[in-house]
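Here is a friendly briefing to read alongside the model. Please keep the sequence and the 3D view open as you go through the points.

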Amino acid sequence: MSDRRRRRALATVLGSVSVMVAGLVTLPAGQAGAAAAACTWQKTVWDLPAGTDVGTLDGYDGDRWAVGITGNRAWMGEGITDARGTLWDNGKVALRVSGEIPHLNDVNASGSVVGDTVVGNEFVGITVDHDGTTHQLPGDPAWDNYSADLVSDNGDIIGTATVDLKFRVVVWPAGAPGTYRVLPTPDVTYLHLQDVDSQGRIIAQSDSSVGGLVWDTDGQWRKLAPIGTPWAIRDGRVVGGLNATNAAAEWTARGGLVRTIAGGAINATAVGGNGTVGGHRFVNSQRRPVLWRDGVVSDPLSTVGSGFVLDWLSNDERTLVGVESRRPVAYDCG
(Lines give C-alpha, C1' and ligand atoms only; values in the text may rest on other atoms or scores of the structure.)
Protein backbone atom coordinates (compact mmCIF):
# COMPACT_ATOMS: atom_id res chain seq x y z
CA MET A 1 0.00 0.00 0.00
CA SER A 2 1.14 3.53 -0.53
CA ASP A 3 -0.26 6.95 -0.22
CA ARG A 4 -1.01 9.10 -3.18
CA ARG A 5 1.40 11.41 -4.92
CA ARG A 6 1.45 15.18 -4.48
CA ARG A 7 1.65 14.82 -0.72
CA ARG A 8 3.76 17.95 -0.94
CA ALA A 9 0.43 19.76 -1.35
CA LEU A 10 -0.32 18.84 2.25
CA ALA A 11 2.56 21.01 3.44
CA THR A 12 1.00 23.94 1.61
CA VAL A 13 -2.38 23.23 3.16
CA LEU A 14 -0.91 23.00 6.64
CA GLY A 15 1.04 26.19 6.11
CA SER A 16 -2.14 28.02 5.15
CA VAL A 17 -3.97 26.65 8.17
CA SER A 18 -1.12 27.76 10.40
CA VAL A 19 -1.46 31.30 9.17
CA MET A 20 -5.22 31.34 9.71
CA VAL A 21 -5.40 29.52 13.02
CA ALA A 22 -2.13 30.14 14.85
CA GLY A 23 -2.83 32.00 18.04
CA LEU A 24 -6.45 30.86 18.19
CA VAL A 25 -6.11 27.35 19.66
CA THR A 26 -4.49 26.64 23.00
CA LEU A 27 -4.69 23.16 24.47
CA PRO A 28 -4.91 22.63 28.20
CA ALA A 29 -1.62 21.42 29.57
CA GLY A 30 -3.03 18.01 30.43
CA GLN A 31 -4.32 17.43 26.91
CA ALA A 32 -1.11 18.58 25.29
CA GLY A 33 0.64 15.64 26.92
CA ALA A 34 -2.30 13.27 27.21
CA ALA A 35 -0.19 10.16 26.83
CA ALA A 36 3.40 9.32 27.53
CA ALA A 37 5.43 8.78 24.37
CA ALA A 38 5.95 5.09 23.61
CA CYS A 39 9.11 5.78 21.61
CA THR A 40 12.16 7.96 21.59
CA TRP A 41 11.95 9.00 17.95
CA GLN A 42 15.28 9.14 16.14
CA LYS A 43 15.55 11.20 12.97
CA THR A 44 17.15 10.04 9.72
CA VAL A 45 17.42 12.45 6.81
CA TRP A 46 17.19 10.55 3.54
CA ASP A 47 19.85 10.80 0.87
CA LEU A 48 19.54 13.14 -2.09
CA PRO A 49 21.21 12.66 -5.49
CA ALA A 50 24.47 14.50 -5.99
CA GLY A 51 23.95 18.10 -6.98
CA THR A 52 20.45 18.40 -5.50
CA ASP A 53 19.36 19.99 -2.24
CA VAL A 54 15.59 19.42 -1.87
CA GLY A 55 13.14 16.59 -2.22
CA THR A 56 9.46 15.75 -1.84
CA LEU A 57 7.63 12.45 -1.37
CA ASP A 58 4.62 11.26 -3.34
CA GLY A 59 4.31 7.57 -2.41
CA TYR A 60 5.51 5.14 0.27
CA ASP A 61 4.94 1.40 0.50
CA GLY A 62 4.76 1.22 4.30
CA ASP A 63 8.17 -0.36 4.76
CA ARG A 64 10.96 0.07 2.21
CA TRP A 65 10.22 1.88 -1.03
CA ALA A 66 9.24 5.50 -1.68
CA VAL A 67 8.94 7.78 -4.71
CA GLY A 68 8.99 11.53 -5.06
CA ILE A 69 10.88 14.39 -6.68
CA THR A 70 14.38 15.75 -6.15
CA GLY A 71 15.95 18.92 -7.47
CA ASN A 72 17.21 22.30 -6.38
CA ARG A 73 15.67 25.19 -4.51
CA ALA A 74 14.14 27.83 -6.73
CA TRP A 75 15.43 31.36 -6.25
CA MET A 76 12.05 32.41 -4.93
CA GLY A 77 9.20 30.54 -3.27
CA GLU A 78 8.88 26.83 -2.65
CA GLY A 79 9.49 25.72 -6.23
CA ILE A 80 11.98 23.07 -7.37
CA THR A 81 14.25 23.48 -10.38
CA ASP A 82 15.60 20.51 -12.35
CA ALA A 83 12.82 18.45 -10.77
CA ARG A 84 13.10 14.74 -11.54
CA GLY A 85 11.29 11.66 -10.34
CA THR A 86 13.24 9.71 -7.72
CA LEU A 87 12.96 6.26 -6.13
CA TRP A 88 14.31 5.54 -2.63
CA ASP A 89 15.13 2.18 -1.09
CA ASN A 90 15.29 2.46 2.71
CA GLY A 91 16.21 6.13 2.39
CA LYS A 92 18.90 5.55 -0.24
CA VAL A 93 18.45 6.82 -3.78
CA ALA A 94 17.83 3.84 -6.09
CA LEU A 95 16.84 5.80 -9.21
CA ARG A 96 16.66 9.38 -10.42
CA VAL A 97 15.17 9.67 -13.90
CA SER A 98 17.15 11.48 -16.53
CA GLY A 99 14.62 14.18 -17.40
CA GLU A 100 11.47 16.00 -16.32
CA ILE A 101 9.53 12.91 -17.37
CA PRO A 102 8.62 10.21 -16.61
CA HIS A 103 6.74 11.14 -13.43
CA LEU A 104 6.93 8.56 -10.66
CA ASN A 105 3.57 8.58 -8.91
CA ASP A 106 3.48 5.56 -6.62
CA VAL A 107 5.26 2.38 -5.51
CA ASN A 108 4.11 -0.78 -3.73
CA ALA A 109 5.71 -3.30 -1.38
CA SER A 110 7.20 -5.24 -4.31
CA GLY A 111 8.94 -2.11 -5.55
CA SER A 112 6.63 -1.78 -8.56
CA VAL A 113 6.66 1.84 -9.71
CA VAL A 114 3.88 3.49 -11.71
CA GLY A 115 3.54 6.92 -13.24
CA ASP A 116 3.08 8.72 -16.52
CA THR A 117 5.04 10.11 -19.43
CA VAL A 118 4.38 11.85 -22.73
CA VAL A 119 3.90 9.91 -25.96
CA GLY A 120 2.76 11.76 -29.08
CA ASN A 121 1.97 14.95 -27.13
CA GLU A 122 -0.33 13.07 -24.75
CA PHE A 123 0.19 11.76 -21.23
CA VAL A 124 0.03 7.98 -20.94
CA GLY A 125 0.18 5.65 -17.93
CA ILE A 126 3.33 3.60 -17.44
CA THR A 127 5.22 1.25 -15.20
CA VAL A 128 8.86 2.07 -14.50
CA ASP A 129 11.73 -0.36 -13.98
CA HIS A 130 14.40 0.45 -11.43
CA ASP A 131 16.81 1.33 -14.24
CA GLY A 132 14.37 3.95 -15.54
CA THR A 133 12.97 1.87 -18.43
CA THR A 134 9.27 2.61 -18.98
CA HIS A 135 6.46 0.37 -20.22
CA GLN A 136 3.24 1.90 -21.52
CA LEU A 137 -0.02 0.59 -20.12
CA PRO A 138 -2.80 -0.13 -22.62
CA GLY A 139 -5.41 2.56 -23.13
CA ASP A 140 -8.44 3.51 -25.18
CA PRO A 141 -7.63 5.64 -28.27
CA ALA A 142 -10.63 7.78 -27.33
CA TRP A 143 -8.89 8.94 -24.16
CA ASP A 144 -7.30 12.38 -24.35
CA ASN A 145 -4.73 11.56 -21.64
CA TYR A 146 -4.30 8.95 -18.95
CA SER A 147 -1.97 8.23 -16.04
CA ALA A 148 -1.17 5.48 -13.57
CA ASP A 149 -1.64 7.10 -10.17
CA LEU A 150 -1.70 4.29 -7.58
CA VAL A 151 -0.52 0.72 -7.24
CA SER A 152 -1.80 -1.68 -4.59
CA ASP A 153 0.28 -4.30 -2.84
CA ASN A 154 -1.22 -7.04 -5.02
CA GLY A 155 -0.10 -5.15 -8.13
CA ASP A 156 -3.39 -3.67 -9.32
CA ILE A 157 -2.74 -0.29 -10.94
CA ILE A 158 -5.31 2.49 -10.63
CA GLY A 159 -5.33 5.66 -12.66
CA THR A 160 -7.39 8.33 -14.34
CA ALA A 161 -8.21 9.03 -17.97
CA THR A 162 -9.86 12.10 -19.43
CA VAL A 163 -12.34 12.18 -22.29
CA ASP A 164 -13.66 15.59 -23.34
CA LEU A 165 -12.60 16.99 -19.95
CA LYS A 166 -14.49 14.23 -18.10
CA PHE A 167 -12.70 11.92 -15.70
CA ARG A 168 -12.70 8.13 -15.86
CA VAL A 169 -11.15 5.88 -13.20
CA VAL A 170 -9.23 3.00 -14.76
CA VAL A 171 -7.91 -0.23 -13.23
CA TRP A 172 -5.19 -2.36 -14.82
CA PRO A 173 -5.56 -5.65 -12.89
CA ALA A 174 -2.45 -7.55 -11.88
CA GLY A 175 -4.21 -10.84 -12.61
CA ALA A 176 -4.87 -9.95 -16.25
CA PRO A 177 -1.82 -8.18 -17.70
CA GLY A 178 -2.47 -6.16 -20.83
CA THR A 179 -6.11 -5.49 -19.94
CA TYR A 180 -7.95 -2.70 -18.20
CA ARG A 181 -11.44 -1.86 -17.01
CA VAL A 182 -13.12 1.49 -16.52
CA LEU A 183 -14.98 2.00 -13.24
CA PRO A 184 -18.23 3.94 -13.09
CA THR A 185 -17.02 7.41 -12.20
CA PRO A 186 -18.88 10.35 -10.64
CA ASP A 187 -19.47 13.28 -12.98
CA VAL A 188 -17.22 15.85 -11.31
CA THR A 189 -14.99 18.64 -12.56
CA TYR A 190 -12.03 17.59 -10.39
CA LEU A 191 -10.90 14.11 -9.34
CA HIS A 192 -7.63 13.33 -7.59
CA LEU A 193 -6.95 9.70 -6.64
CA GLN A 194 -5.33 9.81 -3.21
CA ASP A 195 -4.84 6.28 -1.90
CA VAL A 196 -5.71 2.59 -2.30
CA ASP A 197 -5.73 -0.07 0.43
CA SER A 198 -4.76 -3.73 0.22
CA GLN A 199 -8.35 -4.77 -0.47
CA GLY A 200 -8.67 -2.45 -3.47
CA ARG A 201 -10.70 0.35 -1.87
CA ILE A 202 -9.90 3.76 -3.36
CA ILE A 203 -10.23 7.24 -1.93
CA ALA A 204 -10.34 10.38 -4.03
CA GLN A 205 -10.52 14.13 -3.52
CA SER A 206 -13.08 15.98 -5.61
CA ASP A 207 -15.03 19.22 -6.05
CA SER A 208 -15.53 21.32 -2.92
CA SER A 209 -19.27 20.68 -3.09
CA VAL A 210 -18.64 16.92 -3.21
CA GLY A 211 -15.61 16.51 -0.97
CA GLY A 212 -14.03 13.11 -0.55
CA LEU A 213 -15.16 9.92 -2.29
CA VAL A 214 -14.66 6.25 -1.41
CA TRP A 215 -14.80 3.32 -3.84
CA ASP A 216 -15.71 0.29 -1.78
CA THR A 217 -15.40 -3.39 -2.68
CA ASP A 218 -19.12 -3.48 -3.55
CA GLY A 219 -18.33 -1.42 -6.65
CA GLN A 220 -19.83 1.91 -5.64
CA TRP A 221 -18.52 5.41 -5.02
CA ARG A 222 -19.83 7.15 -1.91
CA LYS A 223 -19.32 10.64 -0.57
CA LEU A 224 -17.79 11.19 2.84
CA ALA A 225 -20.44 12.45 5.23
CA PRO A 226 -20.03 15.07 6.50
CA ILE A 227 -17.99 16.51 3.65
CA GLY A 228 -14.29 16.03 4.24
CA THR A 229 -10.90 15.65 2.55
CA PRO A 230 -9.52 12.09 2.73
CA TRP A 231 -5.77 11.57 2.99
CA ALA A 232 -5.31 7.86 3.68
CA ILE A 233 -7.11 4.51 3.75
CA ARG A 234 -6.06 1.20 5.28
CA ASP A 235 -8.23 -1.89 5.68
CA GLY A 236 -11.32 0.19 5.01
CA ARG A 237 -10.49 2.94 7.52
CA VAL A 238 -10.49 6.40 5.96
CA VAL A 239 -8.82 9.36 7.68
CA GLY A 240 -8.67 13.02 6.77
CA GLY A 241 -10.12 16.33 7.80
CA LEU A 242 -13.55 17.90 7.92
CA ASN A 243 -13.95 20.70 5.40
CA ALA A 244 -16.31 22.81 7.50
CA THR A 245 -14.36 22.76 10.76
CA ASN A 246 -10.80 22.56 11.97
CA ALA A 247 -10.91 18.89 13.01
CA ALA A 248 -9.50 15.54 11.95
CA ALA A 249 -11.92 12.73 11.19
CA GLU A 250 -12.27 9.01 10.55
CA TRP A 251 -14.82 7.38 8.24
CA THR A 252 -15.83 3.86 7.24
CA ALA A 253 -15.29 2.46 3.76
CA ARG A 254 -18.93 3.39 3.05
CA GLY A 255 -18.25 7.04 3.92
CA GLY A 256 -19.97 7.04 7.32
CA LEU A 257 -18.41 9.17 10.05
CA VAL A 258 -16.77 7.14 12.83
CA ARG A 259 -15.45 10.04 14.91
CA THR A 260 -14.11 13.54 14.83
CA ILE A 261 -10.86 14.41 16.57
CA ALA A 262 -10.89 17.89 18.01
CA GLY A 263 -8.55 19.42 20.60
CA GLY A 264 -6.62 21.48 18.07
CA ALA A 265 -6.52 18.73 15.43
CA ILE A 266 -5.93 19.95 11.88
CA ASN A 267 -5.93 16.79 9.82
CA ALA A 268 -5.38 13.04 9.97
CA THR A 269 -2.98 11.98 7.24
CA ALA A 270 -1.92 8.38 7.91
CA VAL A 271 -3.04 5.03 9.35
CA GLY A 272 -0.55 2.48 10.68
CA GLY A 273 -0.74 -1.27 10.40
CA ASN A 274 -2.10 -1.59 13.95
CA GLY A 275 -4.70 1.15 13.60
CA THR A 276 -2.83 4.15 15.00
CA VAL A 277 -3.71 7.39 13.22
CA GLY A 278 -1.14 10.07 12.47
CA GLY A 279 -1.67 13.71 11.68
CA HIS A 280 -1.20 17.25 12.90
CA ARG A 281 -2.67 19.47 15.61
CA PHE A 282 -2.03 22.78 17.28
CA VAL A 283 -0.36 22.74 20.70
CA ASN A 284 -0.24 26.19 22.27
CA SER A 285 -0.61 27.74 18.80
CA GLN A 286 2.23 25.71 17.29
CA ARG A 287 1.47 23.13 14.61
CA ARG A 288 2.89 19.75 15.54
CA PRO A 289 2.69 16.13 14.35
CA VAL A 290 0.79 13.73 16.61
CA LEU A 291 -0.41 10.13 16.91
CA TRP A 292 -3.96 9.23 17.97
CA ARG A 293 -5.59 5.99 19.04
CA ASP A 294 -9.40 5.81 19.05
CA GLY A 295 -9.48 9.59 18.81
CA VAL A 296 -7.23 10.15 21.85
CA VAL A 297 -3.59 11.29 21.75
CA SER A 298 -1.44 8.17 22.12
CA ASP A 299 1.91 9.88 21.46
CA PRO A 300 2.37 13.68 21.35
CA LEU A 301 5.62 13.20 19.38
CA SER A 302 7.24 15.80 21.58
CA THR A 303 10.74 14.81 20.40
CA VAL A 304 9.81 15.11 16.70
CA GLY A 305 10.49 18.39 14.94
CA SER A 306 7.55 20.78 14.78
CA GLY A 307 8.25 21.35 11.09
CA PHE A 308 7.93 17.67 10.26
CA VAL A 309 4.99 16.96 7.91
CA LEU A 310 3.83 13.47 8.82
CA ASP A 311 2.60 11.76 5.66
CA TRP A 312 2.80 8.04 6.50
CA LEU A 313 3.07 5.51 9.30
CA SER A 314 4.93 2.29 8.54
CA ASN A 315 3.15 -1.05 8.63
CA ASP A 316 4.64 -1.84 12.03
CA GLU A 317 4.04 1.73 13.25
CA ARG A 318 7.68 2.11 14.28
CA THR A 319 8.56 4.58 11.53
CA LEU A 320 7.11 7.99 10.66
CA VAL A 321 7.78 9.16 7.10
CA GLY A 322 7.39 12.64 5.67
CA VAL A 323 9.23 15.84 4.83
CA GLU A 324 11.04 18.31 7.06
CA SER A 325 12.96 21.39 5.93
CA ARG A 326 12.27 20.30 2.34
CA ARG A 327 14.02 16.96 2.78
CA PRO A 328 12.51 13.46 2.98
CA VAL A 329 12.85 12.31 6.57
CA ALA A 330 12.06 9.24 8.67
CA TYR A 331 11.70 9.09 12.45
CA ASP A 332 12.30 5.61 13.86
CA CYS A 333 11.15 4.32 17.23
CA GLY A 334 14.17 3.88 19.45
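The notes below cover a disulfide, salt bridges, strand pairing and a surface patch.

This is a predicted model, in which local features need pLDDT of at least 70 and side-chain atom pairs count only at pLDDT 80 or more, while totals for chains, interfaces and linings use all residues. Residues are numbered from 1 along each chain as its sequence is written, and side-chain values use heavy atoms, with hydrogens and water left out. Two features to look for are the disulfide between C39 and C333 and a salt-bridge network that includes D216.

**The disulfide**

- The count comes to 1 disulfide, where a disulfide is a pair of cysteine sulfur atoms within 2.5 Å.
- C39 and C333 are the two partners, with an S to S distance of 2.0 Å.
- C39 sits in the loop between α2 (29-32) and β2 (41-45) and C333 in strand β29 (residues 327-333), so the bond ties together parts that are 294 residues apart in sequence.
- Helices (H or I, at least four residues) and strands (E, at least two) are DSSP runs, numbered from the N terminus.
- The torsion about the S-S bond of C39 and C333 is about -85°, so this disulfide is left-handed.
- Both C39 and C333 are buried; buried means under 20% relative accessible area, exposed means over 50%, and partly exposed is in between (1.4 Å probe, protein chains only).

**Salt bridges**

- The structure holds 14 salt bridges, each defined as a side-chain nitrogen of Lys or Arg within 4 Å of a carboxyl oxygen of Asp or Glu.
- One of them joins the side chains of D82 and R84 at 3.0 Å, N to O.
- D82 is partly exposed, with a relative accessible area of 40%, and R84 is partly exposed as well, at 24%.
- R201 forms a salt bridge with D216, the closest N and O atoms being 3.1 Å apart.
- R201 lies in the loop between β15 and β16 and D216 in the loop between β17 (212-215) and β18 (221-223), so this pair links parts that are 15 residues apart in sequence.
- Both R201 and D216 are buried.
- D216 also meets R254 in a salt bridge, at 2.3 Å from N to O.
- R254 is in the loop between β21 (248-251) and β22 (257-261), so its pairing with D216, in the loop between β17 and β18, ties together parts that are 38 residues apart in sequence.
- R254 is partly exposed, with a relative accessible area of 45%, whereas D216 counts as buried at 4% relative accessibility.
- Through shared partners, salt bridges join D197, R201, D216, D218, R222 and R254 into one network.

**The β15-β16 hairpin**

- β15 and β16 form a hairpin with 5 residues between them, and G200 in the turn has a positive phi of about 95°.
- β15 pairs with strand β16 (residues 202-206) in the antiparallel sense over 5 bridges; two strands pair if DSSP finds at least two bridges between them.
- L191 has S206 in β16 as its bridge partner.
- In strand β15 (residues 191-196), 6 of the 6 residues are buried, so this strand is largely enclosed by the rest of the structure.

**The open sheet**

- 4 strands make up an open sheet, in the order β3-β4-β5-β6 and with antiparallel pairing.
- β3 (54-60) and β6 (92-96) stand at the edges with a single partner strand each, so one side of each is left without a neighbour in the sheet.
- The twist from one strand to the next averages 35°, using axes that are lines fitted to C-alpha atoms and angles from 0 to 180 degrees between N-to-C directions.
- β3 is joined to strand β4 (residues 65-73) by 6 bridges, and the two run antiparallel.
- G59 stands opposite V67 in β4.
- A83 belongs to strand β5 (residues 80-89) and is partly exposed, with a relative accessible area of 29%.
- A83 and T52 are 31 residues apart in sequence and 9.3 Å apart in space, C-alpha to C-alpha.

**A nonpolar patch**

- I101, V118 and F123 make a nonpolar surface patch of about 210 Å².
- Patches are made of residues with over 30% relative accessible area and no salt bridge, with like charges joined within 9 Å and nonpolar side chains (Val, Leu, Ile, Met, Phe, Trp, Tyr) within 5 Å.
- Accessible areas come from the Shrake-Rupley method with a 1.4 Å probe, and for residues only the protein chains shown count as cover.
- F123 is found in strand β9 (residues 122-128) and is partly exposed, with a relative accessible area of 35%.
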